[in-house]
Every structure is written in structure tokens, then in C-alpha cells.
Amino acid sequence: MRRVVLFVLLFLGSYQVLLNAQDFKVFDRTVQFHGFASQGFIYTSDNNWLTMGTASGSGAMTDMGANASMAVTDKLRIGAQVYDRNLGQLGQWHPTLDWAYADYRFTDWFGIRAGKVKTVSGLYNDTQDMDFLHTFALLPQGVYPTVLRELTIAHKGGDIYGHIALPRNAGSLMYTAFAGERDDSKYGGYFYLEQTPPPVLVLNSISALQYGGDLRWNTPVKGLLVGVSRFSESNQGDGVFNAGAGFTPYTQSSRADWANQYFGQYIRNKFEFDAEYRRSWIDELIYSGAQEVQTNANAWYVAGSYRFFRWMQVGAYYSDLNVDAPVNPGGPTSGYIHDKDVTVRFDANRYLNFKLEGHFMDGVGVPGVYPGGFFGADNPNGLQPKTNAVVLKTNFNF
Amino acid sequence: MRSPKLFMLTCVLMLGGAAFAQGVKVIANSSVQATSISASDLKSVYLEEKSSLTGSGHVEPVLAKGGPAHEAFLKHVLGRSDSDLQMYYRSLVFTGRGSMPKTLDSDEAVVAYVAKTRGAIGYVSLAADVEGVRTLDLAEGGSRKLIARIEPDYPAMLRERGIGGTVRMSVVIAPSGNVKEVKLRGGDAALGEAAVAAVRKWKYAPANSETETEVSISFEPQH
């Protein structure tokens, strides 16, 4: 909490300086500098959510970042961003390199990015942790689970990408293909999900090779975008587990792990409508190949928002997550979360905003397999079937 | 006597004046060779989906901070609110895929910056003094500026018989500005043959991609 107060005071004190110092010259090239900080509070009627103690109210929802970027030539850009967060039991103030890469754009239809690159998948995968870019404080968790942010947010590798204007007024296509790897932080959601209290399983590392692509079409209908994404990965993990006779080596690996995502967006002046559907399939071997776990998850949402005034925007969404775990030894085999959300966003100016959001959730998913925000470790007395949540969040960015 | 020439000229003037009727002038640095730009290409430049124009090399968008020209540009070209546009640019900045465009307070500041910055494209109000910069014609949808036209030969036999009418065609224009394909959509077949033969020789302004447009030519026999 002390860190939060200190950071807020630092930002408020340097507010005007930061607003005026967003770019400066280095060797006659402009370097842009930007940053953000957000603070949230959640109270839930039942069940602790998102690894926070929300049933009694929790402000353990802070994140911040800063980046610098520069156009070295007309075709070459470089930049980097650092990110830090504390979300309940996750993050715990261990800053990470969020992205850092060189981007060379040969032509409008072909470019290359290399380094640690944010992953383009669906409408919001690469910006899911920056709520100031969205109407909502929390995106639909079935499609963009914030507790599992690290699994999909970025990859160390490269992209090819491009923008192709189509003939005969057919709009344009944008494509991205990526490949790389990820190494999970011990303070990330996957570690939290996999480790079982009391210490039965202790993971040392989790990593994955990732590849996939995204194709979107700016249609001839003004403001209408549709697209499809594919995300595949091969997970590897190691650690130790205790079956009662002392710790022995543990490994886990993917047999199949992929997701297909279909999306559409319509923006017309002050109105926006989004819809996405995500189907994922995970088949992995755990306990050094002794057990297999399969998870089939279908998630979708429809969302709409309207900016009534320059300083106020109202939005709502309905999201649906259905999880089937046909092979889950000793665990539940199905679950769901239906979430109705309504949000009001207030923009004091271009840099500062506040959000008031309500979630009305039915179901808890399949904790331990595909969390959807609910963990057994955070709810030792068991999970109630319904959860209502109030979310307050503020963000400063420049 | 009304002539096809007058009718065609009227169509061209109506289409080419779209940008002016919308309340903005699109301006560019002298390094930008294009004389016109389609609304879709201009939108792509401002959304940083495109960073070059055919024959003009690298281009960079310049924003106005507010005002009637800015509001008109948001509404008629980008189809987004200012808040939404700012969030879009921030999504590029905070994922490393782009940068915040230069944003200036007044028409004078926009003109001055565009004049001195290679590849810069901006927009100002209709009344703005644009000395030192180029003005680009903004073509709505698939319309392109017609820069050279051939008059169709009115078949003598049809004219003597008092046979006239309007011929409608769809025209596919190559990026170079040459007419690639003409299809007759309506009107007398013989008049259509003459109209198609003429339109095939028309020349439009270059663009970044192939476009399609509708053209109508009226033939009125002499009384």
C-alpha cells in the first residue's frame, strides 16, 4: 500500500511535467515517452475473486508501466516498455520487461518485428492489461482472463505483419503471423493455478513455444471489422511433487494446446459494438506422464458502449464461459460462468479516467483446471454459485 | 443543346468537391507527389495502417487538437470520436506498434508544420491559408479525379433519327489511373458502344489500389 501511495504522489507531483515531456530529441530523432498507472478496488458479495480478498473488499489491484520508442528511420522503429503489477497473489511488485523490439516495415504489406513482442490475437489480447484503452475495467474474463495474462500477452521471437488494400473498394486486410517462446514468472497466474496447497506440487519453471496468426478484414462497411486468430503452444514445466513419501521430480507437457478466436467490431462515431468467440483445447500430461488432463473451453461475449458526453461513456457486456474437462482425474468435469456487466467510465481529460463497474456472475467455472478468476486456494470454505462484484478503478496515462 | 461534355463535367465537379463540402481541406508537404487521395487511404494513413503512398514514399499524419475542421475530419473521414481516436493511438503506443501523431493547436500551426516536414499530411478548415503546401483532392469511396477525357462519337444514324438517352457504366480503374475495364450497365446498346469506346481512353489520377466507379453519359440528339 505504501508503494501505491508513493507512486500516486510521484505522478501527481510530476503530472504537468510528464504531460509536457512526452517527446524529446536524440541525434535529431524524436523519442516518445509514455506511461500509465492504475489503481482498482473490488468488493464481491460472495467468493474471493481474481486471487484478491474481495469478499471483504480489496485494493490489491495496481499496475503501472512506462515506455520509450523512436523512429530510427522512416522504416525502422525501436522501443521498450517495463510493466509492474500487484493483483492479489499475483505479480507482487516484480517488474517485468513487457515488450522490447525492433520493427522494420519494408512496405505497407510486409514488416518484421523481433524481440519481445506483444501477441496480436483477437480484439484485445495485446492490450488486455491496459484498461485505460477500454470502456471496461475488466474485459470478459472467459476470453481475456487477467489472472492468466502472462500465458498469451507476449512472446520472445518475431512477427511478420502487413496491411493490404483490396481492389474494387473491398476494404483492406491486416495480417500478423508470430512465433516465439514464453517463460512464466513464478508470480504469474499459471504458477498459482498449478501449485496445490499444502505444498504437494512445487513448480520450478514453466515455458512454452508459441506460434499462430491473426487475419482481420476492414470491410467496405464503414466501421466494420471482422477477423480470426489462431494461437498454438507447447508447454513444458518441471518441479517436484510430494505424494506422501517425499519429493520426487515432476514434469508436465502439452500433447495439444490451441485456441481459435473469431471476432467482429463495429465503430461508428460514439457507438461501439464488439463480439468474440474463443474455443480452446488443452490436452496435457502431468505428473511426469502418469496422468492426462483435457480441457475444452468455449467462451464468447457481446459488448456495446456509447459515449454520451466527452467526459462519460456507458458500456455493457454479456459473457459466457463453458468448460468441459472430460479427463480430469479426481476433479470436476464441467463448469460455467455467465457474467453480466455494466460500466460507466468518466474521463476527466485525455489523461485521467475513473470507472464504476458491476458484475453479476452465475457459476465459478472449473477451478484448478480453467479458473475464470475463481480459485479454491482463495476460498477455503468452498465456492458459492453466484457472485456479484463492484469494481472501482482509476487510471492516469500520458 | 445540352451536351454529354457538360453532363460529364458536372459529375466530375460534384465528385471532386466532396472534401470541400465536408468542411476540410487535405494538405500535404511538397514531397508528397499525389494530387488526390481516397478517403480509405487517408483513413489508413491516420490509423497508421499505411505509412506510404504510391509515388510519394513515406507519409506521416498530423492531427489538429480540436475545432470544426477536426470534428468534420473525425466524422467524415475517420468515423470515430476524438476519445476513441486517442485510445486507438494509445493502443499503438503502449504495444509498440506506432506513435502518437504530431498534434497542433491551429490551422496556421498545421500548415507551418506540414510545410517543413517531409511526408507530412494534415487537414485544415476551408478558409485556411495553405501557402507553402499542396492541397490533395479527397475522393470519396472509389471516386477518382478524372484528369483526361475523350468525348464519345455520337453515332450519326442515331442522332439523325433523334435517338438519345443516358448510358450507365461501371469503370474499373488501375492504380496507374488507366481504365482497366468498362462494363455497360444500362442504356441503348449502340450509344453504349460509343460511350464505352470513349471511356476506355480516359485517364484518372493515380492511387494506391484499383478502384471502381460509376459513370453516366447522356446523349441528346440535336433538335
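Let me start with a helix in chain B: the buried residues of α8(B) pack against α7 (156-160), β10 (165-173), β11 (179-186) and β13 (211-219) of chain B. Before going further, please keep in mind that this is a predicted model.

The helix itself covers residues 189-199 of chain B, and the residues in question are B:Leu191, B:Gly192, B:Ala194, B:Ala195 and B:Val199. If you look down the axis of α8(B), these buried residues fall within an arc of 160 degrees, so they line one face of the helix. Relative to the strands, α8(B) lies across β10, β11 and β13 of chain B, and its angle to β10(B) is about 35 degrees.

Those strands make up an open sheet of 3 strands, in the order β11-β10-β13 (chain B), with antiparallel pairing. The edges are β11 and β13 of chain B, each with a single partner strand, so one side of each has no neighbour in the sheet. On average, neighbouring strands here are turned by 25 degrees against each other, direction ignored. Between β10(B) and β13(B) there are 9 bridges, in the antiparallel sense. To pick out one pair, B:Val172 has B:Glu212 as its bridge partner in β13(B).

Now the domains. According to the domain assignment, chain B has domain 1 (16-139) and domain 2 (144-219). Taken over C-alpha atoms, the centres of domain 1 of chain B and domain 2 of chain B are 32 Å apart. Their contact takes 11 residues from domain 1 of chain B and 8 residues from domain 2 of chain B. On the domain 1 side, the elements that give two or more residues are β2 (36-38) and β8 (134-139) of chain B. By class, that side of domain 1 has 3 nonpolar, 6 polar and 2 charged residues.

Next, the other sheet of chain B. This is an open sheet of 6 strands, ordered β2-β8-β1-β7-β5-β6 (chain B), and the pairing is mixed. At its edges stand β2 and β6 (102-104) of chain B, each with a single partner strand, so each has one side without a neighbour in the sheet.

In β7(B), B:Ile121 is the bridge partner of B:Pro61.

Which helices lie across β7 of chain B? One is α4 (residues 68-78) of chain B, which lies across β1 (24-28), β5 and β7 of chain B and runs at about 115 degrees to β7(B). Another is α6 (residues 107-116) of chain B, which lies across β1, β5, β6 and β7 of chain B, with an angle of about 155 degrees to β7(B).

A further helix, α3 (residues 39-46) of chain B, has 7 of its 8 residues buried, so it is largely enclosed by the rest of the structure. The buried ones are B:Ala39, B:Ser40, B:Asp41, B:Leu42, B:Ser44, B:Val45 and B:Tyr46.

After α3(B) comes B:Glu48, with a positive phi. Phi of B:Glu48 is near 60 degrees, and this is a residue other than glycine. B:Glu48 sits in the loop between α3 and β3 (52-53) of chain B. Is B:Glu48 buried or partly exposed? With 17 other C-beta atoms within 10 Å, B:Glu48 is partly exposed.

Chain A has a positive phi to show as well: A:Asn47, near 70 degrees, again in a residue other than glycine. A:Asn47 is placed in the loop between β2 and β3 of chain A. With 23 other C-beta atoms within 10 Å, A:Asn47 is buried.

Conventions. Residues numbered from 1 in each chain as written. Chains lettered and ligands numbered in written order. Predicted model: local features only at pLDDT ≥ 70, side-chain atom pairs only at ≥ 80, totals over all residues. Domains from an automatic or database assignment. Contact = placed C-beta atoms within 7 Å. Helix = DSSP H or I, 4+ residues; strand = E, 2+ residues; numbered from the N terminus. Nonpolar A, V, L, I, M, F, W, Y, C, P; charged D, E, K, R; others polar. Buried ≥ 20, exposed ≤ 12 C-beta atoms within 10 Å, placed from the backbone. Arc of directions from axis to C-beta. Pairing = 2+ DSSP bridges. Axes fitted to C-alpha atoms, helices over the stretch in contact; angles between N-to-C directions.
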